[in-house]
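The following exercises concern a predicted model. Please study the sequence and the structure before reading each solution.

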Amino acid sequence: MIHSLSNSIVTYLASLGIIKNEKEIYAYGFELVISFFINVLISIIIGMIFSCLIEVIIFLLSFIILRSYTGGYHANTHLKCTVCMVIAILILVLNLRYQLPILVLGTLSVLSILFISIICPIENVNKIIDVSDYPEFKRKAIVISFLLLCVAFLLKNIAFTCSISLTYSIIIVSISALIEEVRK
């Protein structure tokens, strides 16, 4: 479905003379954009259904920013990607409802940051990282994960559920990295 829609968009843009070459690359780019928006839309709908839209948005923003530097698991189909995102959002929603003890969540966060510091960035066939970019990606992954944890700590007494969202983004990103590391 996404592939067909992407090809239709490219065909239309080509008929207008906007796209002349490399139609396959444009089609793939449109597939990624459409898949991204579908995942975000489904996540927002889940957030609205469970009355935790702000928390889901905070999770998505922190997850996307951190994940762009850590790398990790990439599903080989759009459907698998969507299923993985839905599972991650549902885990967040469940934890917002039935909260893990703060000590457990804090410990998992610290362990996740240590894990990110040791093995990230993780390269994937869908996201090749240039060797010269590794130190910069590692540094940014460590700094961003540490900053997210600091903000989560500062929010724990003010906006506890937002704090959980930030913490969970770190944990889910590290799990994604671990899955890809094991798959190698």
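**Exercise 1: A surface patch**

In this predicted model, a nonpolar patch on the surface is formed by Leu41, Ile45, Ile49, Phe50 and Leu90, which together have about 440 Å² of accessible area.

Task: Determine which helix gives the most to the nonpolar patch, and classify Leu90 as buried, partly exposed or exposed.

Solution: 
- Step 1. With three residues, helix α2 (residues 23–49) gives the most to the patch.
- Step 2. Leu90 is placed in helix α4 (residues 78–97).
- Step 3. The relative accessibility of Leu90 is 32%. Partly exposed covers the range between under 20% (buried) and over 50% (exposed). Leu90 therefore counts as partly exposed.

**Exercise 2: Positive phi values**

Task: State where Glu22 lies and where Ser51 lies, and decide whether Glu22 is buried or exposed.

Solution: 
- Step 1. Glu22 is not a glycine, yet its phi is positive, at about 55 degrees. Its place is the loop between α1 (2–15) and α2.
- Step 2. Glu22 counts as exposed because its relative accessibility is 52%, and the cut-off for exposed is over 50%.
- Step 3. Ser51, also a residue other than glycine, has a positive phi near 55 degrees. Ser51 is found in the loop between α2 and α3 (53–70).
- Step 4. The relative accessible area of Ser51 is 66%, so Ser51 is exposed.

Key:
Residues numbered from 1 in each chain as written. Predicted model: local features only at pLDDT ≥ 70, side-chain atom pairs only at ≥ 80, totals over all residues. Heavy atoms only, no water. Patch = residues over 30% accessible without salt bridge, like charges linked within 9 Å, V, L, I, M, F, W, Y side chains within 5 Å. Areas by Shrake-Rupley, 256 points an atom, 1.4 Å probe, with all protein chains shown as cover. Salt bridge = Lys/Arg side-chain N within 4 Å of Asp/Glu carboxyl O. Helix = DSSP H or I, 4+ residues; strand = E, 2+ residues; numbered from the N terminus. Buried < 20%, exposed > 50% of the residue type's maximum accessible area, 1.4 Å probe, protein only.
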